[in-house]
Amino acid sequence: MRWCHSSLLHLLCCLRLRVCTRKCRFRPPVLLRELWAYVKLVLQSLQYNSLTNSDVVFDSVFEPVFWTVDRITRWFGMVFVCLVVVLTSSILVICYMILLPMVFATYHPAWITWHLFYGHWNLVMIIFHYYKATKTSPGYPPIVKNDIPFVSVCKKCIIPKPARTHHCGICNRCILKMDHHCPWLNNCVGHFNQRYFFCFCLAMSMGCMYCSISGRNLFLDAYNTLERFKHMDGERPGVPVTGMGLLIGILPSGQTNYQTPSPPYTFRDRMVHKSIIYMWVLTSTVGVALGGLTVWHAVLISRGETSIERHINFKETKRLAKRGKVYKNPFNYGKLNNWKVFLGVQKRSHWLTRVLLPSGHNPPGDGLTWDVLPFKRDTVPV
Ligand SMILES: [Zn+2]
Ligand SMILES: [Zn+2]
């Protein structure tokens with residue numbers, strides 16, 4: 001052991017390593033030793049946590065990253081909402097100004113009726129559910145004293161947390177039956193607006209896929225035409241023009257015109273083609289991405305769990321499996337009943353009035369207490 005010359009270093013050395021105390025000639029006063037022991041106890045108590053595990057360490061290390069992401073998401077919340085509104089509006093403008101006149105001019109009356117009916121039903125569902133998802137409060141636990149059963153205490157809000165409640169770092173408060181914070185809504189998805197969120201995702205995915213599938217031929221035509229004219233710039237008129245007919249209703253698809261000069265490719269034609277390409281690319285991309293998200297949420301709803309509970313239940317399943325036990329989600333009422341609870345369907349007519357049509361009904365329950373079986377099977381007609 002190295003001999004400590006300075007009294008301070010010697011003191012620290014003796015206090016830090018017990019083995020040193022036997023060899024030390026200098027022992028600090030009792031008061032100093034007690035003071036050091038007290039400081040050490042305070043420091044250790046500040047760091048002590050009986051629940052510390054790898055997740056807590058991971059969260060602590062990445063806390064600055066989470067903090068930054070939360071702040072950025074909060075600041076840019078309205079930007080994302082504006083983006084949704086602007087992009088959706090741009091698709092609507094293209095549909096009404098370009099596609100609908102073409103449908104009226106070229107389609108059979110039965111197809112015209114179908115496109116008008118489906119397109120407008122889909123549009124109403126998108127607008128209604130997006131508005132309600134952004135404007136409806138997800139639900140918050142009470143902050144005043146109450147007798148509501150709780151499962152833990154939020155370390156940030158310092159209030160009791162009922163079952164299924166979680167803290168949102170972006171909203172900076174606890175959310176009832178929290179699913180996730182959605183930047184595209186600038187709102188948390190929780191007990192009271194989860195149905196609106198899901199129905200919006202479903203309606204938007206369906207709308208995008210509808211535009212993408214029904215506009216596929218128009219896109220191919222517009223793309224080919226744009227490409228052709230890009231290479232023909234500067235060449236003499238009267239060169240072959242193929243595939244313009246489907247797009248602008250002048251020539252049928254595949255017809256080739258060698259004899260007469262091709263119609264002039266105006267600025268308006270170019271804008272029409274570019275708009276159709278923009279619409280198809282945007283709706284296809286969003287349709288695939290949002291469609292995947294919607295399917296994932298549909299799976300979660302079928303299981304009776306939220307996105308957060310998916311992680312919790314997965315861990316519990318693994319933990320109990322090691323002990324030879326099987327974990328059962330207490331909020332899983334069976335696939336069909338899960339959907340009925342989620343959609344608020346309590347009788348047969350609700351499938352039409354509450355699912356296929358816009359409806360502003362509240363979900364069953366208050367989000368504070370949860371029954372194992374809110375619906376008895378014999379009282380819920382299928
Ligand atoms: Zn909280
Ligand atoms: Zn939130």
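**Notes on a predicted chain: loops, core and helices**

1. Let's start with Asn172, which sits in the loop between β3 (166–168) and β4. Strands here are DSSP E runs of at least two residues and helices are H or I runs of at least four, both numbered from the N terminus. Asn172 is not a glycine, yet its phi is positive, at about 60°. It counts as exposed, because 11 other C-beta atoms lie within 10 Å. The cut-offs: 20 or more other C-beta atoms within 10 Å of a residue's own makes it buried, 12 or fewer makes it exposed, and anything in between is partly exposed, with C-beta atoms placed from the backbone.

2. Before going further, some housekeeping. This is a predicted model, in which local features need pLDDT of at least 70 and side-chain atom pairs count only at pLDDT 80 or more, while totals for chains, interfaces and linings use all residues. Residues are numbered from 1 along each chain as its sequence is written, and chains are lettered from A and ligands numbered from 1 in the order in which they are written.

3. How confident is the predictor? The chain has a mean pLDDT (the predictor's confidence in each residue, from 0 to 100) of 83, and 81% of its residues reach 70 or more. Two stretches stay under 50: residues 1–9, with six contacts beyond four places in sequence, and residues 11–21, with ten such contacts. A contact means two C-beta atoms, placed from the backbone, within 7 Å. Where pLDDT is low, the predicted coordinates should not be read in detail.

4. Now the overall picture. The protein chain holds 14 helices and six strands. Of its 382 residues, 22% count as buried. Take the contacts between residues at least 6 apart in sequence: 59% of them join residues at least 24 apart.

5. Asn186 belongs to the loop between β5 (180–182) and β6. Is Asn186 buried or exposed? Asn186 counts as buried, because it has 20 C-beta neighbours inside 10 Å.

6. The largest nonpolar core has 37 residues, and the members touching the most others are Ile175, Phe197, Phe200, Met204 and Ile276. Such a core is a set of buried Ala, Val, Leu, Ile, Met, Phe, Trp, Tyr and Cys residues joined through C-beta atoms within 7 Å. At least two residues each come from α6 (77–106), α7 (109–135), β4 (173–175), β6 (187–189), α8 (194–214), α9 (216–232) and α11 (267–303). The top contributor is α8, with ten residues. Domain 1 (67–214 + 281–379) and domain 2 (216–265) both supply residues, so the core lies between them; the domain bounds come from an automatic or database assignment.

7. Setting aside neighbours within four places in sequence, its contacts are Pro138, Gly139, Tyr140, Thr165, His166, Cys168, Cys188 and Gly190.

8. Back to α8, which is mostly covered, with 15 of its 21 residues buried. Its end C-alpha atoms are 30 Å apart, which agrees with the 30 Å that 21 residues should span at 1.5 Å a residue (the expected span is 1.5 Å times one less than the number of residues). In α7, 27 residues reach 39 Å from first C-alpha to last, close to the 39 Å expected. Which residues of α7 are buried? They are Gly119, Met125, Ile126, His129, Tyr130 and Ala133, and they pack against β6 and α8.

9. The unreviewed UniProt entry places "transmembrane region" at residues 75–99, 111–131, 195–219, 239–256 and 276–301. UniProt positions follow the numbering used here, feature names are shortened, and annotations may be inferred rather than shown by experiment. The model is 96% helix and 0% strand over 195–219, with end C-alpha atoms 34 Å apart. Over 276–301 it is 100% helix and 0% strand, with the ends 36 Å apart.

10. Thr285, in helix α11, is exposed, with 12 other C-beta atoms within 10 Å. Its C-alpha lies 9.1 Å from that of Ser212, 73 residues away along the chain. Trp339, in α13 (residues 335–343), is partly exposed, with 16 other C-beta atoms within 10 Å. Trp339 and Ser302 are 37 residues apart in sequence and 6.4 Å apart C-alpha to C-alpha.

11. Last, α12 (residues 307–322): its 16 residues should span 22 Å, and the end C-alpha atoms are 24 Å apart, which agrees. Just after α12, Gly324 takes a positive phi of about 80°.
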